[in-house]
Amino acid sequence: MTKEEELYYNNYFDLFRTEGWAQVIAELNDRAAAYDIGYLKDEKDLYKVQGELSIIRMLLSLEQFIEQGYEASNKASN
């Protein structure tokens with residue numbers, strides 16, 4: 001693994017250990033659970049909610065995605 005890659009992953013790992021990250025994840029989980037499709041008026045609202053949920057899911061899985069990349073990068077270096 002290059003020094004740049006190490007710095008890249010270490011920056012994320014530092015972020016994931018913060019209380020702020022835990023707070024963001026809790027907020028995103030709450031938001032995702034609060035969606036109720038019963039209030040949607042039309043397709044436009046549906047598409048908006050789908051987009052929002054897609055972004056929320058991406059952020060909720062970011063830590064796992066980074067960890068998998070780190071493990072794959074380590075395996076490739078060996």
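Ring pairs join Tyr8, Tyr9, Tyr12, Phe13, Phe16, Trp21 and Tyr70 into a cluster; here rings of Phe, Tyr and Trp (its six-membered ring) pair if their centres lie within 6.5 Å, with planes under 30 degrees apart called stacked, over 60 edge-to-face and the rest tilted. The model is a predicted one, so local features need pLDDT of at least 70 and side-chain atom pairs pLDDT 80 or more, while totals for chains, interfaces and linings use all residues. Residues are numbered from 1 along each chain as its sequence is written, and side-chain values use heavy atoms, leaving out hydrogens and water.

Searching the whole structure turns up seven aromatic pairs. In one of them, Tyr8 and Tyr9 have ring centres 5.1 Å apart and planes at 85°, so the pair is edge-to-face. Tyr9 is buried at 11% relative accessible area, whereas Tyr8, at 40%, is partly exposed (buried is under 20%, exposed over 50%, partly exposed in between, using a 1.4 Å probe and protein chains only). Tyr9 also meets Tyr70 edge-to-face, with centres 5.4 Å apart and planes at 70°. Since Tyr9 sits in helix α1 (residues 3-16) and Tyr70 in helix α4 (residues 62-77), this pair ties together parts 61 residues apart in sequence. Helices are DSSP runs (H or I, at least four residues), numbered from the N terminus.

Now for helix α3: its buried residues are Asp45, Val49, Leu53 and Ile56. Seen down the axis, they fall within an arc of 65° (taken from the directions from the axis to the C-beta atoms), so they line one face of the helix. On the other side of α3, Glu43, Lys44, Tyr47 and Ile55 are exposed.

Conventions. Helices (H or I, at least four residues) and strands (E, at least two) are DSSP runs, numbered from the N terminus.
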